[in-house]
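The structure comes first, then the points.

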There are 4 protein chains.
Amino acid sequence: MIIVMSPGATRENIDAVVKKLEKRNLRAHLSTGEDRTIVGVIGDKKTIANLEMNMMDGVEKTVRITEKYKLVSRDFHPQDTIIKVGDVEIGGKEIVVMAGPCAVESFEQVRETAEAVKKSGAKILRGGAFKPRTSPYDFQGLGEEGLKILRTVADELNLKVVTEIVDKDDIEIISEYADILQVGARNMQNFQMLKALGKCGKPIMLKRGLSATISEWLNAAEYIMIGGNENVMFCERGIRTYETFTRNTLDLSAVAAIKELSHLPIVADPSHGTGRRKMVAPMSRAAIAAGADALIVEVHPHPEVALSDGDQSLTPADFQKMMEDLHGIAKVMGKTI
Amino acid sequence: MIIVMSPGATRENIDAVVKKLEKRNLRAHLSTGEDRTIVGVIGDKKTIANLEMNMMDGVEKTVRITEKYKLVSRDFHPQDTIIKVGDVEIGGKEIVVMAGPCAVESFEQVRETAEAVKKSGAKILRGGAFKPRTSPYDFQGLGEEGLKILRTVADELNLKVVTEIVDKDDIEIISEYADILQVGARNMQNFQMLKALGKCGKPIMLKRGLSATISEWLNAAEYIMIGGNENVMFCERGIRTYETFTRNTLDLSAVAAIKELSHLPIVADPSHGTGRRKMVAPMSRAAIAAGADALIVEVHPHPEVALSDGDQSLTPADFQKMMEDLHGIAKVMGKTI
Amino acid sequence: MIIVMSPGATRENIDAVVKKLEKRNLRAHLSTGEDRTIVGVIGDKKTIANLEMNMMDGVEKTVRITEKYKLVSRDFHPQDTIIKVGDVEIGGKEIVVMAGPCAVESFEQVRETAEAVKKSGAKILRGGAFKPRTSPYDFQGLGEEGLKILRTVADELNLKVVTEIVDKDDIEIISEYADILQVGARNMQNFQMLKALGKCGKPIMLKRGLSATISEWLNAAEYIMIGGNENVMFCERGIRTYETFTRNTLDLSAVAAIKELSHLPIVADPSHGTGRRKMVAPMSRAAIAAGADALIVEVHPHPEVALSDGDQSLTPADFQKMMEDLHGIAKVMGKTI
Amino acid sequence: MIIVMSPGATRENIDAVVKKLEKRNLRAHLSTGEDRTIVGVIGDKKTIANLEMNMMDGVEKTVRITEKYKLVSRDFHPQDTIIKVGDVEIGGKEIVVMAGPCAVESFEQVRETAEAVKKSGAKILRGGAFKPRTSPYDFQGLGEEGLKILRTVADELNLKVVTEIVDKDDIEIISEYADILQVGARNMQNFQMLKALGKCGKPIMLKRGLSATISEWLNAAEYIMIGGNENVMFCERGIRTYETFTRNTLDLSAVAAIKELSHLPIVADPSHGTGRRKMVAPMSRAAIAAGADALIVEVHPHPEVALSDGDQSLTPADFQKMMEDLHGIAKVMGKTI
């Protein structure tokens with residue numbers, strides 16, 4: 001930490017700062033410039049992390065030098081983490097595509113979608129059984145019935161299952177049916193649930209909060225890893241901006257940022273990230289070109305009758321066409337799909 | 001709902017739209033302009049709420065006319081709701097001030113703060129026992145021990161207690177000690193917790209999410225009210241913008257907006273809303289002038305040693321001075337404090 | 001400036017940094033911690049301001065300690081600046097209200113509005129003759145004809161005139177008719193115009209850009225002051241956020257921030273800041289309570305037929321009612337209106 | 001336009017609305033639902049564009065159906081526009097790369113950079129001679145001297161020149177030296193300059209404003225096209241969000257959006273868009289994969305001594321390596337580079 005004293009700080013103010021640091025076994029390193037003094041703080045990182053100096057007289061501001069997360073940081077774990085989900089590997093040489101309907105509506109809908117996406121190359125089936133909805137009057141999902149449908153269809157077609165968890169009480173039941181548990185944007189800082197997921201044996205896909213900074217997102221993943229669960233992947237799903245043409249603004253620079261700052265895999269969600277069917281294919285291509293390890297895409301056999309998010313769902317035919325293009329991009333990136 | 005057909009929509013496209021509506025017992029009202037047709041949808045509101053038309057051929061976009069929330073809406077409940085917390089009334093003629101430390105650290109700290117704020121006119125003691133923190137390495141609160149301290153001190157001084165709940169499993173224990181349960185910004189769309197709070201007998205203070213729209217905030221309150229709990233108050237605590245001088249941007253127009261759209265009381269939090277001690281007094285005055293029913297303010301006897309958020313805490317002396325100014329503003333608003 | 005070296009920086013990297021600083025006659029102050037070295041840079045401020053160090057090997061990031069603006073800063077000019085516009089003083093004990101239509105449409109419209117606002121206590125007449133409009137198909141203003149109307153009416157009623165300038169070529173002609181030249185949000189960083197206004201003898205009202213940080217806003221004012229024009233006032237008119245219920249988000253914490261960081265007066269514009277007629281009165285009260293020196297408010301005798309921004313214009317009767325409340329708030333602030 | 005009446009609107013309110021429309025030769029189409037009436041407005045588009053109805057009694061809100069821009073719209077010009085700059089075509093089968101230093105500093109610097117980028121495949125030389133800088137104390141560019149350097153070097157190497165214009169008075173002089181005139185983000189709504197550029201014979205590259213919506217951006221281009229200049233290309237350069245790890249948030253969904261809404265070419269600027277050297281290559285690849293027609297990239301032979309924006313400049317070696325990857329992505333898109 002660096003403490004910037006104000007131009008008007010007195011000798012006494014500076015002494016008081018130094019004394020407070022020394023009382024905590026920290027060392028102060030003073031740089032005295034023309035109109036102000038800067039105090040560098042040296043010592044135990046945890047002590048520094050909990051230090052509050054801004055209220056002291058003569059202190060103008062403090063600047064934190066180091067981020068608090070460690071387990072998720074590439075600094076401490078330089079090589080890429082590869083997450084194994086059965087025989088599917090996320091974070092390795094193969095781009096993994098997760099696809100399926102936004103919400104599970106019926107066995108037939110899931111079956112029809114799953115067959116189509118499997119044929120086009122998807123390895124993981126997605127679908128919501130517990131839906132977090134803005135209004136209590138919206139369709140809230142089929143619950144366990146939905147989980148059963150996903151599992152049955154996936155087993156039949158040799159797919160893995162990813163589905164959202166919205167309540168820590170559901171960890172056990174969802175773990176019974178799903179291979180990857182997804183934490184949605186609204187729960188990115190539901191710290192109690194993150195802690196509980198740290199104790200669960202399943203890989204976690206942590207979506208970025210609607211307006212979460214990259215640093216907050218990494219800290220949220222730290223909550224899971226600190227509990228012992230090392231199989232965490234991030235998912236960029238668009239952030240909230242003032243733009244209204246798209247539902248969210250898919251931030252692909254976050255893909256590059258995560259690759260730089262963390263060893264964990266990163267997934268992109270162009271469906272929620274744009275909210276517009278026509279944009280899913282171009283943004284999927286762009287996500288892979290930016291370095292994403294995986295994609296999660298909404299596909300619905302009949303998007304015009306979907307119970308949620310029909311606007312952003314691809315038809316199986318759209319999806320097939322998109323996958324063909326993605327092969328070429330993956331190849332340029334030295335990967336397969 | 002209004003369905004805007006694209007300029008290139010064919011007669012068949014329009015017929016298909018009308019047919020889909022009629023199958024759902026809705027009526028279509030066509031306006032045919034120079035280059036496009038607009039379809040007004042008339043009929044049962046719930047059916048319309050679940051209608052997805054954007055994917056149909058020839059449909060350019062749809063416009064929703066009505067919001068989904070009802071119980072929180074002033075349209076259906078024109079007079080102001082007053083929430084009774086013992087003999088304290090929130091939403092009435094008196095501006096209620098909640099004050100206390102960000103986090104409960106010790107009995108002495110809470111006792112000293114409570115005495116001071118009580119003397120200056122606060123009616124409700126605030127303090128966090130369960131703290132949601134960005135990093136798992138930050139101080140997470142004293143838990144039940146903190147709740148006991150709050151209750152003991154409050155009873156002694158005849159104050160009420162408001163404290164944050166971060167886990168639906170804690171409803172029972174917090175209800176034992178606190179008079180108002182606060183839902184923090186990060187949990188505004190923790191729908192499982194909102195549903196559970198709808199069944200609890202305590203007043204709820206629902207903070208606005210970091211980047212929640214006013215409509216989403218109202219819908220979140222609807223989740224609580226639909227469960228039977230009518231004692232919900234909103235709390236504006238600053239939204240996330242690009243500005244870095246302040247910690248958040250306190251959006252006082254949201255105070256006026258809530259007053260227009262809902263009958264429920266609105267509280268302002270200038271401490272988290274600005275993150276800067278010097279701004280707490282001016283923004284408190286402004287909040288009351290904008291129509292806020294209550295304030296929640298951080299006060300710490302020794303902010304320079306606070307375990308969290310010291311930068312934004314007032315000293316008891318600052319608080320006392322601020323309260324004097326607030327009397328004048330309240331009076332102009334036809335209220336007392 | 002502080003240079004943060006990465007944990008992996010070598011002795012050679014640090015030496016190279018120090019050498020680069022010394023070549024520029026700057027001194028380096030090293031603080032060597034457990035896993036990294038921090039370099040404090042001491043010396044001539046202008047040299048430091050132009051220093052680029054981030055690209056050097058081993059440098060993780062740099063932190064600027066001081067802002068670049070000086071003339072606008074309260075650090076260098078502790079007492080409040082009062083701007084004299086004839087016998088009207090902005091920044092002193094009196095809250096000044098500027099009022100009038102968004103756009104000048106006709107002599108009758110301006111005359112009727114001006115009479116009404118004068119009667120209610122406004123001192124300055126506002127009105128746009130040159131309108132910056134998002135679409136080239138929108139009404140662009142009456143031009144010089146509009147300026148003449150403003151001047152004639154103002155002289156008759158002993159009011160001052162504030163009007164927007166959108167082109168530096170218009171400085172001369174607008175200066176002939178107006179008392180204060182307003183720089184709109186879209187031109188806050190039209191640096192060529194700011195430089196030219198620095199040479200003009202009229203007070204300038206500098207609106208905040210749609211998404212300008214407070215620091216950028218202060219730097220923009222520095223462009224004007226550096227040219228010799230010391231009569232600059234700021235105007236907060238709402239920033240762009242994701243919220244759609246209001247047209248912009250009026251950031252009243254910016255009022256408090258400007259008061260802290262600068263000696264120049266600050267005006268609030270609740271009309272553009274909210275875009276909703278019902279919100280103008282509460283936000284005007286709040287602005288004064290937050291410390292604003294002046295208000296600028298849109299009033300139109302018949303807002304339903306206004307050629308621009310009718311939605312946010314008060315009627316003369318609304319305005320009269322609002323002014324009555326403002327007296328009380330001003331009094332609490334130790335001011336008059 | 002659609003006018004939504006409030007639930008409490010009276011028969012008289014509705015009649016008044018209809019009468020106002022009829023007086024303007026517009027037709028009203030009424031849809032009467034359970035609790036409210038919706039009025040569709042039919043007739044001359046320009047009349048509707050200028051209609052203000054929100055202030056009328058009983059009107060809850062109005063919804064505009066059509067955007068105001070026309071010349072830039074793909075609806076009215078379905079095939080892609082290709083802009084010819086000598087023998088270079090932007091918007092066609094070839095991805096065009098513009099590269100060079102942020103600011104022109106010296107002949108040697110430009111010469112060295114230009115040779116390197118030419119060798120790697122760039123067709124257009126970029127470089128700022130007139131720099132818009134946040135602070136008046138920052139380096140403002142070499143002016144005409146800089147333009148001469150650009151032209152001399154470009155002619156020698158058979159490159160085209162793109163450079164920024166910050167003042168409409170400079171159109172003539174910049175047109176003498178440059179092939180494409182760039183309007184920077186801060187001037188996107190400098191409408192006087194846009195109008196003047198509409199009369200100039202050179203292609204214009206219009207950067208997106210810091211927080212401009214896509215609709216505002218398209219309207220800004222309309223200001224240029226309406227003057228007769230049809231050679232307008234857009235440039236996405238990152239928008240302002242709350243994220244601080246990147247300088248801006250490069251919005252690649254805007255690339256897809258422009259392709260959908262307009263026939264004009266779109267350029268991406270990953271250098272300003274991210275502000276981080278390491279992110280330029282991944283975001284360049286992503287931009288092409290999203291459908292961009294061209295890239296503009298900062299390259300500096302010695303970024304560590306650059307007078308501006310060194311942090312985001314590639315070295316010639318970085319640039320060479322990036323270009324190799326881009327060929328593969330372009331090929332997947334059916335293009336060359």
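In this predicted model, helix 6 of chain B (residues 191-198) is largely enclosed by the rest of the structure, because six of its eight residues are buried.

**Helix 6 of chain B**

- The buried residues of this helix are B:Phe191, B:Gln192, B:Met193, B:Leu194, B:Leu197 and B:Gly198.

**Interface between chain A and chain C**

- On the chain A side 24 residues are in contact with chain C, and on the chain C side 25 residues take part.
- The two chains bury about 1,800 Å² between them, and 62% of that area is on carbon and sulfur atoms.
- Between chain A and chain C there are zero salt bridges.
- Two residue pairs are in polar contact across this interface, both at pLDDT 80 or more.
- Four strands of chain A each supply at least two residues of the side that touches chain C: strand 1 (2-5), strand 2 (27-32), strand 3 (37-42) and strand 4 (59-63).
- Strand 2 of chain A gives the most to that side, with five residues.
- Sorted by class, the side of chain A that touches chain C holds eight nonpolar, eight polar and eight charged residues.

**Aromatic pairs**

- Over all chains, the count is eight aromatic pairs.
- One of them joins A:Trp217 and A:Phe234 edge-to-face, at 5.1 Å centre to centre and with 75° between the planes.
- A:Trp217 belongs to helix 7 (residues 214-225) of chain A and A:Phe234 to strand 12 (residues 232-236) of chain A, so this pair ties together parts that are 17 residues apart in sequence.
- A:Trp217 counts as buried because its relative accessibility is 0%, and A:Phe234 counts as buried, also with a value of 0%.
- In chain C, the ring centres of C:Trp217 and C:Phe234 lie 5.1 Å apart with the planes at 75°, so this pair is edge-to-face.
- C:Trp217 sits in helix 7 (residues 214-225) of chain C and C:Phe234 in strand 12 (residues 232-236) of chain C, so the pair links parts that are 17 residues apart in sequence.
- C:Trp217 and C:Phe234 are both buried.

How values were computed. Residues numbered from 1 in each chain as written. Chains lettered and ligands numbered in written order. Predicted model: local features only at pLDDT ≥ 70, side-chain atom pairs only at ≥ 80, totals over all residues. Heavy atoms only, no water. Contact = heavy atoms within 4.5 Å. Buried area = accessible area lost by both parts, 1.4 Å probe. Salt bridge = Lys/Arg side-chain N within 4 Å of Asp/Glu carboxyl O. Polar contact = N/O pair within 3.5 Å; in protein donor to acceptor, adjacent residues only side chain to side chain. Nonpolar A, V, L, I, M, F, W, Y, C, P; charged D, E, K, R; others polar. Phe/Tyr/Trp six-rings, centres within 6.5 Å; stacked < 30°, edge-to-face > 60°. Buried < 20%, exposed > 50% of the residue type's maximum accessible area, 1.4 Å probe, protein only.
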